[in-house]
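Try each task before you read its solution.

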Amino acid sequence: MLRDSKANRALIFCAYVVAGTAAVWAADSIFQILFNKVREGVVDNIRNFPRYTCVQTVVRSQFILPAAGASCAIAIANNQRNSDMAILRWHDRLRLDVAVGEKSEMFSWAGASKFESKDLSEMVSKGASGSGEFGSFLASVFGGQAEGFEYKGLKDFPFGRMATYDFTVPLAKSHYMFSSAHKGYTTVGYHGSFYADPDSAELRELDIEATEFPPDDSVCRVQDKIEYERTQIGQKTFMLPKKSAMDVIYRNSTESLNEASYSGCREYVGESTIRFDVDENGNVPESAKKAELPPVPPKTHLRVRINPPIDSDKAAAGDPIVGVVDLAVKVKGVMIVNVGDKLHGRIVRLEQVMGAEPRWTVAILFETLERNGVEQPINLKPDDDGDRTPSGPLGGGGRRGGISSTSSPANNITSERPAGGGIFSFQSSANLVLDRKFESEWETR
């Protein structure tokens, strides 16, 4: 999403009970029978799937269309006419864990120890974000909110020939909410289509389109496309998203496209661990080692290199990161930090702005320090983040020596620094690799 606005939409889970959707065909119509089977299968799927988590990888892109407009009608027509000429201006990648429960979807960075209670848009900060792919849309469309179902014939897809049905969810029944430019949430109606296998009566794709936005809002149209497939969780299979896309058109003829894929779906259960290696005081070996480690005092400076590398072709915000201490630290003759000790954290931002001066921005947050095989929480602040573009070729992520004093916008980037993290900027249109050649300095708080 554009920097001066934020769009976010979420669907509230409705009760998973079909409220007697009115038939629009004859009771013995083959299309009505297929519709009933699809609906019953979807509702049964939602009723019975367990609490589970999936890894969601999202590639977000922002485009500018060649001809600007001042109205939604012009912006949408411009998109339809000139979509092949759209200019990429910004992109990033996110890796998230999504937990699907009885009433909502929760998000965290991939592999994090807990899920966030705050809105997804607060986690990812910039850009367009959304939710609802796992159950909310299905519960709304097949749970009694949609109306005006109409069979539209067969349509060919890469995954086969599908039966097509259109529907509408009016504003009075809708739970589709969006927020733009921090104005709070507004509910809008929407319409769409679903596509089902005529032989198995299984849902394969659900398309949603919302256009009923207030006339003073920057958003003109949001389209969601979700493809489903059977996925095994535990001993059973369930119909879950395979991939999805959310496309947003704005009044000023800009476009945001989020393309998501899903993997590693598994049941989400609490786990217990039984230990037999405690001592007479109830301490496990790790806690004993931890007690023997001297504390790292405030204002301790650490010089760190990245290993394994960050490669922008594969990496995403949310991925774990390891920093290796490059210089030992002694305090009053006592070794506090050794060469080779490791800082563990994650990437919290990885994006590229295109244009005349293309630039990568990487934000890093270190959370623990591993010494002698024991990890301890650590609170750091960066000493030398900011513009790190080298004077020569970028190579493996060189060092300029701190923040430049020129007037480049990149020099103000530290104002966007995440709490406890560092943010680094590199002018480059090519792939970015940060490895052991990339050096940064940090100070304990």
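**Exercise 1. Find the bridge partner of Ile306 in strand 17.**

Solution. The partner of Ile306 is Gly323. Strands here are DSSP runs (E, at least two residues; helices are H or I, at least four), numbered from the N terminus. This is a predicted model: local features need pLDDT of at least 70, side-chain atom pairs count only at pLDDT 80 or more, and totals for chains, interfaces and linings use all residues. Residues are numbered from 1 along each chain as its sequence is written, and side-chain values use heavy atoms, without hydrogens and water.

Next, widen the view. Strand 15 (residues 301-306) pairs with strand 17 in the antiparallel sense, over three bridges. Pairing needs at least two DSSP bridges between the strands. Strand 17 also pairs with strand 20 (residues 342-353), again antiparallel, over five bridges. There, Val324 stands opposite Lys342.

**Exercise 2. Is strand 17 (residues 320-325) mostly covered or mostly open?**

Solution. Strand 17 is mostly covered: five of its six residues are buried. Buried means under 20% relative accessible area, exposed over 50%, partly exposed in between (1.4 Å probe, protein chains only).

**Exercise 3. Explain why the length of helix 1 (residues 30-48) agrees with its residue count.**

Solution. Take 1.5 Å times one less than the number of residues. For the 19 residues of helix 1, that should give 27 Å. The end C-alpha atoms are 27 Å apart, so the two agree.

Now list buried residues of helix 1: among them are Leu34, Phe35, Val38 and Val42. The buried residues fall within an arc of 165° (directions from the helix axis to the C-beta atoms), so they line one face. The face turned away carries the exposed Ile30 and Glu40.
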